[in-house]
Amino acid sequence: MKKISLLFVLTLLYLSCQQQKTPEQLFEEQASGVVVILNEYYYEMKLPNGNSVYFTGFDEDGDLENFTPDGDEIKKNRQIMTGTGFFVDNKGTIMTNRHVAQPQLDMIKAKSAYMGLVKAVKNIIEYSKSQMQEQYAELERQKSDCSYFDLNTNMYYYDSDKLQEIAQEQKELEENYNEANQTLETLNGIDPSRFKINPICKIGVAYNDTYVTNEEDFFGPNACVATKISDKDDVDLALIQLKNQTTPSKAFVFDISGNKNDRKSLLEQANDAINQSKDNGELRIDQQLYMIGYNAGLVLGATKQGIKVQMTSGKLTQLPDGQRLLYSIPTMRGSSGSPVIDERGNFVGVNFAKLSGTDNFNFGIPAEVVKKFYFN
């Protein structure tokens, strides 16, 4: 067997280093692993007495929108949002943002809005009580019209039927008045700190290059459940999973473990080692990055040729601080949860927010934070 010279090996490694994938190749390879997420949701507020009330958010005046105690009614008025996610294993697990999988709510604002509603109800009850008092007094006055004194017979005569009718009306007023007082007592005892508010979500996904005709196409075989939600305010991550717990066979699975060498040839590992030595394995200012996601959700994603994911690009504009990436990749509502990759296709983060007032500076969650969330 002939010995392979070191120069020949180094030459092969050098040539392989120069053969970086084009954006088109990266897109072709990874687009199948990115899904559009549909979340139909509303909020349930558990009251201290065990009852529940429901709403879908806040209206323009800051009041609770679609507020109702009827669980069936609220389902007809569910809110709808879209986001992006991507497969991270073969068990149907999809990484996305927390605010996509479980829409967050300003709890203080919600409780304040509810207490404002309680105050309005109390005012209505107080007004109703004053009306009942006036009605009761008027009925008392009517009693005098139900009797008269006959001078000829020197006797009092009474309209017993009318008096009985008045007595029945007064009894009903007394019952209503007492019930109003009991309601007021209950409302006065409400402690908003004991309220529990939870989003109720129905989640499904659709794949690149498939067709959807209505909302139900996202559910059925593509229905998902939330399996892990970050409990850290500065880590906007969540995992959802297909109910069948099986990633489609043709879907790309993103490697967030950082252990790609386990599946690479020796030549590919050597290639990565050279590239790593070039940048110390760290992101660089002005480094080219790509995001694969569903900007604007189905507004752009739904085409005559089916659902189409988009790839957008930009540069790293600030060195990572361990909590976030800042890049110039343009985004729109719906791109939350999109994977961000470098020019070699390596996973580097999850898109989660934009700088207010601009579409050109956006934030991602670094790969190390994503990895820690997934494996811990």
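Predicted model: local features only at pLDDT ≥ 70, side-chain atom pairs only at ≥ 80, totals over all residues.

**Entry 1: a pair inside a helix**

I started with E140, which at 37% relative accessibility falls between those limits, so I put it down as partly exposed. Its side chain meets that of K143 in a salt bridge, 2.9 Å from N to O. K143 counts as partly exposed too, at 31% relative accessibility.

**Entry 2: other salt bridges**

How many salt bridges does a search of the whole structure find? I get eight. Side chains of opposite charge can pair when their charged atoms come close.

Next I looked up R78 and E40, whose side chains meet at 3.3 Å, N to O. This pair links distant parts of the chain, 38 residues apart: R78 is in the loop between helix 3 (71–75) and strand 5 (79–87), E40 in strand 1 (residues 34–46). Is E40 buried or exposed? It counts as buried, because its relative accessibility is 3%. R78 is partly exposed, with a relative accessible area of 29%.

Then I checked D286 and K315, which form a salt bridge at 3.8 Å, N to O. I have D286 as partly exposed at 48% relative accessibility, and K315 as partly exposed at 28%.

Six strands close into a barrel, in the order 12-15-16-19-18-17, with antiparallel pairing. From one strand to the next, the twist averages 45°. Helix 2 (residues 23–30) packs on the sheet and touches strand 12 (288–293), strand 15 (310–318) and strand 17. The direction of helix 2 makes about 115° with that of strand 15. Helix 9 (residues 367–375) also packs on the sheet, touching strand 18 and strand 19 (362–366), and its direction makes about 50° with that of strand 19.

I zoomed in on the strand pairs. Strand 17 (residues 339–342) and strand 18 (residues 347–354) run antiparallel and are joined by three bridges. V340 has G349 of strand 18 as its bridge partner. The hairpin of these two strands has four residues between them, and G345 there takes a positive phi near 90°. Five bridges join strand 18 to strand 19, again antiparallel, and N351 has G364 of strand 19 as its bridge partner.

**Entry 3: a surface patch**

Which residues form a nonpolar patch on the surface? I find F149, L151, Y156 and Y158, with about 520 Å² of accessible area together. Y156 is in strand 8 (residues 155–158), and at 53% relative accessibility I count Y156 as exposed.

**Entry 4: whole-chain numbers**

I logged nine helices and 19 strands for the protein chain. Of its 376 residues, 39% are buried. The chain exposes about 21,700 Å², with carbon and sulfur atoms supplying 50% of that. Among contacts between residues at least 6 apart in sequence, 67% join residues at least 24 apart.

Terms used:
Residues numbered from 1 in each chain as written. Heavy atoms only, no water. Pairing = 2+ DSSP bridges. Axes fitted to C-alpha atoms, helices over the stretch in contact; angles between N-to-C directions. Contact = heavy atoms within 4.5 Å. Patch = residues over 30% accessible without salt bridge, like charges linked within 9 Å, V, L, I, M, F, W, Y side chains within 5 Å. Areas by Shrake-Rupley, 256 points an atom, 1.4 Å probe, with all protein chains shown as cover. Salt bridge = Lys/Arg side-chain N within 4 Å of Asp/Glu carboxyl O. Buried < 20%, exposed > 50% of the residue type's maximum accessible area, 1.4 Å probe, protein only.
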